[in-house]
Amino acid sequence: MSQEVRGVIARAKGVPVEVTTVVVPDPGPGEAVVRVQACGVCHTDLHYREGGITDDFPFLLGHEAAGIVEQVGAGVTDVEPGDFVVLNWRAVCGTCRACRRGRPWYCFATHNAAQKMTLTDGTVLSPALGIGAFVEKTLVHAGQCTRVDPAARPAAVGLLGCGVMAGIGAAMNTGGVSRGDSVAVIGCGGVGDGAVAGAALAGATTIIAVDTDPRKLEWARRFGATHTVDASQTDPVEAIRELTGGFGADVVIEAVGRPETWKQAFYARDLAGTVVLVGVPTPEMKVPELPLLDVFGRGGALKSSWYGDCLPSRDFPMLTSLYLQGRLDLDAFVTEEIALDQVEEAFTKMHRGDVLRSVVIF
């Protein structure tokens, strides 16, 4: 059997999204159907709509989601109907070379549902990041469901499914921020502010937020930034050095994904410091020209961060617990709650920088 529900799809590149009927099959072996309660509107969804990831239209958009497991297929033991879960797009396989080496956060063979959701005419939908959660119910691999404390607000903890986790993990997991470190974050949208929050949780004593939008700099202060730099008015490299005794930051996190801001991050770090790229570049972008002697002479590490190098089974419950304790303000990331038919409008607000996150509530 199958169910017909409402969902948001992108039919073609650059065409406004639409709400339509989606057919969700019953879960097969290893799969689960989740009744979605909340789903954030992430920039990655806009990338899908613009054809910036693949051209496998039509897409079922949405992936930053939390909800209730409604059905499970054969062989599923980690979750059961009634569980409150946050969805993730890194359902580790446990058997690939990364998993065998004890690095499952790099899993190269993550699981997705084997069956496909479709339109009523049978057209197969491509779920964004293997999830597709701008829909009343979605079919996922059971490994994409991570149980968390049901006392948590779905609109808040659902954001761990992508952007906020990417930022927090860029600081805590990839960047290895530790007590007493100085950290600079370039770009203070949802991911960048996640990095600010992650640096604060890790015990950084100097946290410098850099952006060209004064509103975003004020948001960053709420998440723990101790200093802000308006890059439209000040050279951010010089400002970061001035705020760190002339040396540069121990960890610089680039959350924009542009060559010029990555180059700023490179020169804004201290000797033997770490640069973390978590902003997602477009395919045509190139690493800016750097003297190889500078790469050698400054030492340290140049890293990229995939999904904050997170392990959902480890990180989601821990961060949800910190949220419920009042130590991680996930609510502050939720700028507005919207209906399913307001996703296109939310994309416009995102493009203008008016919101950290619009969250669809079901």
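Is C162 buried or exposed? I started my notebook with that residue, and I found that C162 is buried, with a relative accessible area of 8%. A note to myself before going on: this is a predicted model.

**Cysteines**

I looked for disulfides next and counted 0 in the structure. C162 is in no disulfide, and its nearest cysteine sulfur, that of C42, is 4.0 Å away. Then I turned to C310. Its sulfur is 9.4 Å from the closest cysteine sulfur, in C162, which is too far for a bond. I also checked the cover over C310 and found this residue buried, with a relative accessible area of 0%.

**Overall build**

Stepping back, I noted 11 helices and 18 strands in the chain. The radius of gyration is 20 Å, close to the 21 Å that the globule rule gives for 362 residues, so the chain is as compact as a globular protein of that length. I boxed the C-alpha atoms along the principal axes and got roughly 65 × 40 × 40 Å.

**Inside and contacts**

I asked how much of the chain is buried, and buried residues make up 55% of the 362. Among contacts with a separation of 6 or more, 70% join residues 24 or more positions apart.

**Surface and charge**

For charges, I listed 31 positive and 42 negative side chains. The centres of these two sets lie 5 Å apart.

How values were computed:
Residues numbered from 1 in each chain as written. Predicted model: local features only at pLDDT ≥ 70, side-chain atom pairs only at ≥ 80, totals over all residues. Heavy atoms only, no water. Helix = DSSP H or I, 4+ residues; strand = E, 2+ residues; numbered from the N terminus. Rg over C-alpha atoms; globule rule 2.2 N^0.38 Å. Buried < 20%, exposed > 50% of the residue type's maximum accessible area, 1.4 Å probe, protein only. Contact = heavy atoms within 4.5 Å. Lys, Arg positive; Asp, Glu negative; His and termini not counted. Charge placed at Lys NZ, Arg CZ, Asp CG, Glu CD. Disulfide = S-S within 2.5 Å.
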